[in-house]
Amino acid sequence: MIFPPLQKTPKEPLLARPSAGAGTRLAVNAAFYNWSATGGRKWRHPWFTRASWDGKRKQWTATVKPGFVNGNAPFAQTLVSNVPVPQQDFGINPLTGKPFFSDPIFNHGGSMGPGTSVIAMPMFYNPPIDLTFRNIGFDSINEAPPDFFAKRGVQNPPHQPTDDELLAGASLNLDAQPAKGNRLLRACDLVLHQPREALSSDITFGAGPATGISSVQQTLTVILANPNDYLKVFATGKFVPAAGIDPTQGDFTEANFDEIVVSTVYLLSPLDTALYSAPDETWTPYVKHNLFWDLNWMQPAFRILDSDNAIGGLLSAALLLGGGTASIAINFLSASINDAFQNALNVLTAHSLAGTFWTPTGGGSDSAFPQSTPPAQPASGHGLDKDGRLLAQRQQAARLLRAEQLDPAFPYRCQPFDPSLLS
Amino acid sequence: MGVAVSVTPGGGGFSHPWRPALGQKSLQLSLGLLNGFTPMITTADGVVSMDPGKGPAPALELKAKDIDPDTQQSWACLEVTANADGSVDKHSLVVIVHRSSPTSIDPKTGRQPLALILWQKGAPVRCLPQCWFNLKYYRVDPPPGGGIVKHLFL
């Protein structure tokens with residue numbers, strides 16, 4: 001059978017064919033053009049963090065969309081290039097052959113030489129913050145990866161024997177190698193730092209009978225924030241909450257600042273990257289946020305106590321004034337050093353000046369958002385077609401993995417209010 | 001030459017209470033509520049209500065003399081002077097004002113910043129929203145032994 005030759009459709013002139021502009025997608029077939037709008041950009045909440053690779057300095061940095069605490073913008077330390085000040089030309093010194101006043105001893109009128117300086121800049125200028133990382137996963141010390149990254153190939157660190165196992169003859173596992181398909185993981189915490197007043201406690205023991213200590217005097221004093229400290233955001237390999245109080249060392253001084261994690265930047269390596277490698281531009285950044293909304297902050301007032309149930313046998317409490325600061329002297333009885341320390345710790349904890357960050361949501365003391373219902377999962381194949389069913393299940397699992405997010409969905413999560421501030 | 005079709009992508013915005021829009025010498029704020037009540041706002045024509053039923057949306061007047069000269073910043077703030085018992089009702093003074101500081105030192109007045117305004121050479125150049133939800137106000141009076149009044153915006 002002879003078929004007629006295919007008729008080629010004439011090429012339409014280049015200019016007559018429409019093109020896709022910004023925000024659109026164009027599909028063309030023989031019959032029509034099909035335009036569709038591309039998805040809109042997602043709204044970026046306060047404290048939104050974006051990590052990027054600085055190829056010139058070979059450094060990962062992060063920028064944080066401005067968030068505010070009581071209306072004030074935090075500062076962030078960032079690296080800036082020095083801008084040289086133009087120098088006046090005094091001519092050439094005939095004795096040395098060099099320009100006049102070119103010797104370093106003349107300080108060039110205070111101009112900066114080439115190089116960089118670290119300055120503190122308000123967050124609304126989006127200063128890039130240098131990141132420092134800790135290891136998670138196979139090349140870490142007993143830090144297993146979060147489930148989100150375990151599904152993406154980050155393996156658990158090798159088991160190290162316990163002390164009992166070492167005594168039984170086991171040895172440390174120093175040469176362990178991961179299974180094929182391992183990815184490395186690094187993490188960096190960005191932390192919000194708020195200076196504040198804090199409480200300090202000094203304990204002295206009075207002379208007692210031969211059977212034990214009879215009287216203890218505890219002096220509570222308010223210490224001010226460090227005058228050089230300020231509201232800031234900084235990066236650290238791992239955020240460790242300030243301990244401050246260490247009763248075992250006799251140290252009863254609170255930290256004079258409050259800190260809270262803004263976000264955590266994770267870097268995921270390509271497959272089978274060598275252990276202990278430093279992250280570079282081939283790694284993929286992920287960000288998990290802890291803060292999503294602007295914050296209010298307040299700390300409780302230092303109140304003068306006249307009785308306190310935290311300590312038994314309170315004999316007296318007297319307000320002392322010295323050096324412009326107020327202190328309270330508390331006298332109580334104690335039968336042992338341990339009891340004295342515990343009582344002092346109880347008083348300090350009960351009157352702690354630690355502040356609270358909260359999100360003003362209009363919900364009063366309850367600032368939890370209503371729970372959102374999860375989207376319905378699509379059907380995963382059915383019927384007697386086993387291959388089709390397995391394929392549908394694999395596709396659904398891949399869809400769920402792609403759709404999984406580190407952050408909750410809008411309206412995200414808020415910082416709860418501490419109802420004790422209402423009293 | 002030719003045809004190109006462009007579309008402004010959807011999303012990217014969040015229509016919330018107290019949403020600011022900066023003008024030459026004024027700041028437009030979308031309606032927000034405090035304890036369910038509509039606040040007043042300081043405009044060039046005086047203090048007026050933000051009630052949408054009472055005419056076009058009023059704008060906060062911005063004056064260069066009300067900014068912090070060191071930082072070149074100012075704030076649009078919601079100031080609340082509660083009743084004697086600490087409650088807020090339609091008779092309480094709830095007004096949006098332009099201030100050089102986001103916090104108040106007046107013990108009778110609570111202040112919540114709504115937007116930060118950055119200035120340059122005597123003109124406002126940028127504003128940043130700082131409040132995203134309607135607000136609830138509580139005043140906590142000091143105990144009988146003395147202390148400070150706490151103005152809480154939750």
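In this predicted model, the sulfur of Cys77(B) lies 11 Å from the closest cysteine sulfur, which belongs to Cys131(B), and this separation is too far for a bond. Cys77(B) is itself buried, with a relative accessibility of 0%. For Cys414(A), the closest cysteine sulfur is likewise found in Cys131(B), here at 13 Å, which is again too far for a bond; with a relative accessible area of 12%, Cys414(A) also counts as buried.

Chain B contains an open sheet of six strands, arranged in the order 5-4-8-7-9-10 and with mixed pairing. The edges are formed by strand 5 (46-49) and strand 10 (123-129) of chain B, each of which has a single partner strand, so that one side of each remains without a neighbour in the sheet. When direction is ignored, neighbouring strands of this sheet are turned by 30° against each other on average. Within chain B, strand 7 (residues 73-81) and strand 9 (residues 110-120) pair in the antiparallel sense over eight bridges, and Gln73(B) has Leu118(B), in strand 9, as its bridge partner.

On chain A, Val28(A), Tyr33(A) and Trp35(A) together make a nonpolar surface patch of about 240 Å². Of these residues, Val28(A) is located in strand 2 (residues 24-28) of chain A, and its relative accessibility of 39% places Val28(A) in the partly exposed class.

Methods:
Residues numbered from 1 in each chain as written. Chains lettered and ligands numbered in written order. Predicted model: local features only at pLDDT ≥ 70, side-chain atom pairs only at ≥ 80, totals over all residues. Heavy atoms only, no water. Pairing = 2+ DSSP bridges. Helix = DSSP H or I, 4+ residues; strand = E, 2+ residues; numbered from the N terminus. Axes fitted to C-alpha atoms, helices over the stretch in contact; angles between N-to-C directions. Patch = residues over 30% accessible without salt bridge, like charges linked within 9 Å, V, L, I, M, F, W, Y side chains within 5 Å. Areas by Shrake-Rupley, 256 points an atom, 1.4 Å probe, with all protein chains shown as cover. Salt bridge = Lys/Arg side-chain N within 4 Å of Asp/Glu carboxyl O. Buried < 20%, exposed > 50% of the residue type's maximum accessible area, 1.4 Å probe, protein only. Disulfide = S-S within 2.5 Å.
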